[in-house]
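Hello, and welcome to your structure for today. Please have the sequence and the 3D view open while you go through my notes.

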Amino acid sequence: MANEEELYALKKKLSVLSSKRGRHTELITVYIPDGYDINKVTSKLSEEQGTASNIKSRTTRKNVTTALEKILQELKLFKQTPKNGLALFCGNVSEREGQTDFLLETIIPPKPLSINLYRCSQKFVLDPLYEMLEERETYGLIVIDRRNADIALLKGTSIEILASLDSLVPGKFRAGGQSAQRFERVIEGMAQDFYKKVGEIATNEFNQVKDLKGIIVGGPGPTKNDFLAAGHLSTELQNRILGVIDIGYTGESGLDELVNKSKDILAEAEITKEKEVMNKFLGHLAKDTGLVAYGEAEVRDALNKGAVDILLLSEKLNKKRITLLCPNCGHTEERTVDKVPNLVCPVCGSPMQLVKEKDLIEDLTELAKEVNSDVFLVSNETKEGQQLYGMGGIAAILRFKLQ
Ligand SMILES: [Zn+2]
């Protein structure tokens, strides 16, 4: 299961890759699925190099063979395909004809890749990785009426059915009289047994999901409410119910309908969580508890001291953390920048070289991981999120006071 930070790092890489175009059909994408023999890929790519020698345009031919060569070199770093597979992207992404600016990006995906692909095109093939981003949220779904119940997970946009149950509860008895009353009691007992079974299975299934974001219950008529009133979901799960929705069916079409009617609830849930954690931060700030830090320098210091409980980063942060080295005197410098500057060494005046460049969010996230802090990426869609961005986009809730 991928965590938010991994998915964020992937999102960032994908946004860079998706902005790149080849001047010709010369950008190479390679996907190697989980468990696939990496040597087969190497020989396939060597073959492609042979084929590429037939490309008419001299520049395109050169760019394609160079990109393939770079990928082959990169593959040598791997003894075998990493768990989850591997995706490689390489090509000349220079915007000017005749110039070269080769980009090589290797991605070990946060979830297993199932696609095996080689493509030479004007842009990189990114959909299989984008799909992983969409799967980030998991919700539990229950649709129920007197006859059937379905328990499913909503993962991103896809629905995975975990269990379908038939109740065997007969329809309402129509005749009057004593036997009808007795029959009603029997039916009611069967319905209660059914609710119990559905509740047990749902509890068991949903408890196995790490980081379940919430549960939505739906169904035609009042059965869904009877089911919930019967109390067979664990208290913890009951508390996670985000909505109870009236729908026309059970089964697969019921689940589809439930998801369609839950769009607002789902969007709201995401935003609620974000608001909660931001309000916790703002509460500490207002009460001056000493348990917050904000601004890069202060937060970095708190991270280094292991004091950060939750690191809050605005998704809108778009900075780099770079390390510069003076090749003449060996002076090094780390700094946060919007763009990589041309700097001269403050010691000896020689031009400095860029030796390391990292997305600032990635850099801080790594620091946070070392001290087991939770990282929370805050969107810019809420007032609280905008407030965070307004404060520089970097803040933290602390485990202990620093002074
Ligand atoms: Zn120097």
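Which residues have the most contacts inside the largest nonpolar core? Keep that in mind as you read, and remember that this is a predicted model.

1. **The largest core.** The answer is Leu311, Leu312, Leu313, Ala395, Ala396 and Leu398, which have the most contacts inside a nonpolar core of 29 residues. Several elements give two or more residues to this core: helices H9, H10 (296-304) and H11 (360-370), together with strands E10 (292-294), E11 (308-314), E15 (374-378) and E16 (394-398). The largest share comes from E16, with five residues. As background, nonpolar side chains tend to be buried together in soluble globular proteins.

2. **A closer look at Leu313.** Pick out Leu313 in your viewer and set aside its neighbours within four places in sequence. Leu313 is then in contact with Ile361, Leu364, Val375, Leu377, Val378, Gly393 and Ile394.

3. **A second core.** Do look for the other one too: a separate core of 25 residues has Ile28, Val30, Ile32 and Ile71 among its members.

4. **H2 against H3.** Two packed helices are described by the angle between their axes and the distance between the axes. For helix H2 (residues 38-52) and helix H3 (residues 58-75), the axes come within 10 Å and cross at roughly 165°. H2 is therefore roughly antiparallel to H3, and their crossing is left-handed. On the H2 side, the contact is made by Ile38, Val41, Thr42, Leu45, Glu48, Gln49 and Ala52; H3 brings Arg61, Val64, Thr65, Leu68, Ile71, Leu72 and Leu75. Sorted by kind, the residues of this contact of H2 with H3 are nine nonpolar, three polar and two charged.

5. **H9 against H12.** Now turn to helix H9 (residues 263-287) and helix H12 (residues 383-390), whose axes come within 9 Å and cross at roughly 50°. Are these helices parallel or oblique to each other? H9 and H12 are oblique, because of that crossing angle. H9 passes H12 in a left-handed crossing. In this contact, Glu274, Lys275, Met278, Asn279 and Leu282 of H9 meet Glu384, Gly385 and Leu388 of H12. The residues of the contact of H9 with H12 comprise three nonpolar, two polar and three charged.

6. **Two loop residues with positive phi.** Most residues other than glycine have a negative phi. Asn84, in the loop between H3 and strand E2 (86-92), has a positive phi, near 85°. Asn84 counts as partly exposed because it has 18 C-beta neighbours inside 10 Å. Asp288, in the loop between H9 and E10, also has a positive phi, near 55°. Is Asp288 buried or exposed? With 8 C-beta neighbours inside 10 Å, Asp288 counts as exposed.

7. Finally, find Ala230 in the loop between helix H6 (223-229) and helix H7 (235-238). Ala230 has 15 other C-beta atoms within 10 Å, so this residue is partly exposed. How far apart are Ala230 and Lys196 in space, C-alpha to C-alpha? The distance is 7.7 Å, although Ala230 and Lys196 are 34 residues apart in sequence. Leaving aside neighbours within four places in sequence, Ala230 is in contact with Gln192 and Tyr195.

Methods
Residues numbered from 1 in each chain as written. Predicted model: local features only at pLDDT ≥ 70, side-chain atom pairs only at ≥ 80, totals over all residues. Axes fitted to C-alpha atoms, helices over the stretch in contact; angles between N-to-C directions. Helix = DSSP H or I, 4+ residues; strand = E, 2+ residues; numbered from the N terminus. Parallel < 35°, antiparallel > 145°, perpendicular 65-115°, else oblique. Left-handed = near helix turned anticlockwise from the far one by under 90°. Contact = placed C-beta atoms within 7 Å. Nonpolar A, V, L, I, M, F, W, Y, C, P; charged D, E, K, R; others polar. Core = buried A, V, L, I, M, F, W, Y, C linked by C-beta atoms within 7 Å. Buried ≥ 20, exposed ≤ 12 C-beta atoms within 10 Å, placed from the backbone.
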